Amino acid sequence: MIPLARVVGSAGRRGPARAGAAILCLVILGALVAPIFLQSPTAQPDIQHGGQPPSPGHLMGTDQLSRDVLTRVASGGRVSLAVAAVAVALSVTIGALFGLAAGYWGGAVDALIMRLVDAALAIPRLFLLLLLLALWERIPLAAFILIVGATGWFGTSRLVRAEVLRLRETDYVRAARALGAGPGRIMFRHLLPNALGPLLVAATLGIGEVILLEAGLSFLGLGIQPPTPSWGGMIFDAKEVLVTAPWASVFPALAIALTVLSVNLIGDALRDALDPQGA
Amino acid sequence: MSRWLLARGLHAVSTFILVVCLLFFLMRAVPGDPLSRLSEDRPMAPREIAALRARYGLDQPVGRQFAAFVGGALRGDFGTSIEYRRPVTSLVVDRIPATLLLGGTVLVLNFTLGLWLGVRQAVRKGSRTDRALEAASLSGYSVPSFWLGLLLAWLFAIHWRLLPPGGMHDLLLDPAAPAATRAWDLLRHLALPALTLSLVSIAATMRYQRVAMIEALRFPFVQTARAKGITEQRTVWRHAWPNALFPVITLFGLWLPVLVTGSVFVEQVFAWPGLGSLAAGAVSARDYPVLMGTSLLVSGMVIIGGLVADVLYAALDPRIRHA
């Protein structure tokens with residue numbers, strides 16, 4: 001097993017990963033810092049100047065409701081990134097717990113969990129989300145994050161289970177057991193740290209997936225509800241003015257594409273660092 | 001082999017039964033039921049709502065509803081659409097040809113172009129071509145499919161006026177027009193949705209093929225082929241490539257969910273009358289039975305895709321079916 005620090009270090013020496021990390025830092029920094037300098041997203045809009053192209057006053061133009069697109073891209077970024085981070089943290093945690101339980105206890109527990117995971121993986125995540133969200137009028141942000149997080153752990157639990165099965169009968173785990181370590185200690189102190197690599201890859205790639213899902217759900221009217229700005233919601237709002245004010249949807253779409261691209265670059269480099277064979 | 005096949009088939013069937021149960025109980029777990037949204041849009045008398053509830057069986061105990069749902073599903077009856085007032089089964093069946101046409105086109109595009117590009121990348125691993133193709137495919141994968149669709153529709157249909165912006169047929173076209181004219185019309189309508197879906201999904205094919213081909217090129221027999229003086233073209237395509245096709249089969253199972261998900265957005269953008277736009281429309285109409293029916297069908301397709309991939313694997317590699 002390659003230590004996690006070395007995996008990250010080796011991934012960090014790869015060009016694409018560096019580019020990805022740089023883009024991601026820029027996006028995060030922009031989302032954190034830019035709203036401080038810009039007008040508040042809820043400030044009285046300048047209704048004389050709706051749907052204006054980019055200009056020195058409004059670097060990304062204004063949307064059909066005269067709101068500054070740059071301000072909304074930045075504050076929408078805060079929401080989109082935070083939603084993705086929390087949802088992915090949630091699904092990785094659930095996936096790790098179920099994977100550990102299934103792999104460690106085996107038998108009926110394993111059979112039950114893995115049969116459910118098999119079935120859940122057969123339903124495309126988008127459809128699962130459509131079914132869960134379609135009936136919910138103006139869903140609270142917390143519930144949205146919870147549902148997105150709860151539908152993303154199936155693949156992760158398989159990964160962790162495979163890792164646990166591989167390690168369960170190794171000498172060091174037997175030694176720990178012989179020394180009297182309980183199941184909790186073996187799972188969290190001895191097995192989980194060895195599964196951190198694959199978990200990190202799954203989490204990184206999961207961020208990109210959630211950002212795209214949030215955008216898609218917003219397009220269908222099921223995403224983060226206005227007035228909370230989000231990148232997906234902005235594209236949805238600007239759908240009608242695609243021809244007359246393209247900047248209102250081009251910039252949030254670019255923000256999505258750049259973010260997803262950067263996390264995918266990082267995730268790929270991490271995966272290659274974990275498994276140098278495939279690169 | 002037949003024993004292995006039977007076990008694998010039974011596994012697929014039991015997975016589908018579990019999916020049916022899972023979907024039903026998820027639906028029940030969400031606050032509100034299909035009809036609570038209906039009365040939000042226009043006020044209804046409690047008596048009316050009660051009558052509707054009785055009609056859709058929502059006033060029954062959960063156990064009986066579940067039995068009715070499973071019993072219906074086994075008979076191919078998924079209830080009645082709230083929006084169209086037609087059986088879900090017939091609605092879904094009507095949409096299947098359009099989805100198969102779009103999905104099939106994307107499949108062919110993806111596997112011919114994606115495999116070819118992946119092999120090209122592997123042969124020139126690390127070169128500028130390799131990196132440029134990698135960047136291009138990853139970018140396609142990172143863009144929201146609906147936005148790419150809107151962009152392409154704007155460019156090709158509105159700006160350059162080259163292709164129709166949506167639909168499957170020209171409404172003004174005479175239905176008695178010669179078959180060639182109608183086929184050309186269909187092809188023009190198919191071009192943009194197929195292009196969009198291919199662009200967002202080709203990355204996976206290329207990467208799988210690239211990695212598999214790099215492995216295949218490491219085999220000693222490739223060196224032998226080269227040493228014997230066989231042309232590089234023949235070495236790559238006749239000697240190495242067949243050995244790099246094997247892992248690509250896995251894609252078959254992985255790829256269907258991606259295609260189905262993408263088609264929801266792409267079909268919606270281009271008003272392509274397939275399953276995806278049916279599902280997207282059902283979301284805005286809160287048409288729960290239709291959403292349920294399409295989800296079940298799509299899950300069934302994913303399960304069958306996985307089964308086909310496994311059978312292909314076993315047919316090509318005896319180690320798997322004897323394991």
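**Exercise 1.** Find the order in which the elements of chain B run from the N terminus on.

*Solution.* Helices (H or I, at least four residues) and strands (E, at least two) are DSSP runs, numbered from the N terminus. From that end, the elements of chain B read α-α-α-α-α-α-α-α-α-α-α-α-α-α. The count for chain B is 14 helices and zero strands. Along the principal axes, the C-alpha atoms of chain B fill a box of roughly 85 × 55 × 40 Å.

This is a predicted model, in which local features need pLDDT of at least 70 and side-chain atom pairs count only at pLDDT 80 or more, while totals for chains, interfaces and linings use all residues. Residues are numbered from 1 along each chain as its sequence is written, and chains are lettered from A and ligands numbered from 1 in the order in which they are written.

**Exercise 2.** Determine how many residues of helix α3 of chain B are buried.

*Solution.* A residue is buried if 20 or more other C-beta atoms lie within 10 Å of its own, exposed if 12 or fewer, and partly exposed in between, with C-beta atoms placed from the backbone. Helix α3 of chain B covers residues 46-55; of its 10 residues, the number buried is zero, so this helix lies largely in the open. Just after α3(B), Gly57(B) has a positive phi of about 75 degrees. For chain B, with 323 residues, the buried share is 37%.

**Exercise 3.** Decide which residues of helix α9 of chain A are buried, and where they lie on the helix.

*Solution.* Helix α9 of chain A spans residues 183-191, and Ile186(A), Met187(A) and Leu191(A) are buried in it. Seen down the axis of α9(A), the buried residues fall within an arc of 95 degrees (taken from the directions from the helix axis to the C-beta atoms), so they line one face of the helix. On the other side of α9(A), Gly184(A) and Arg189(A) are exposed. The buried residues of α9(A) pack against α3 (69-105), α7 (154-167) and α8 (171-178) of chain A.

**Exercise 4.** Work out which elements and classes of residue make up the side of chain A that touches chain B.

*Solution.* Two residues are in contact if their C-beta atoms, placed from the backbone, lie within 7 Å. The contact takes 35 residues from chain A and 40 residues from chain B. On the chain A side, the elements giving two or more residues are α4 (107-122), α5 (125-133), α10 (196-219) and α12 (247-274). The largest share, seven residues, comes from α12(A). By class, this side has 26 nonpolar, six polar and three charged residues. Here Ala, Val, Leu, Ile, Met, Phe, Trp, Tyr, Cys and Pro count as nonpolar, Asp, Glu, Lys and Arg as charged, and the others, Gly among them, as polar.
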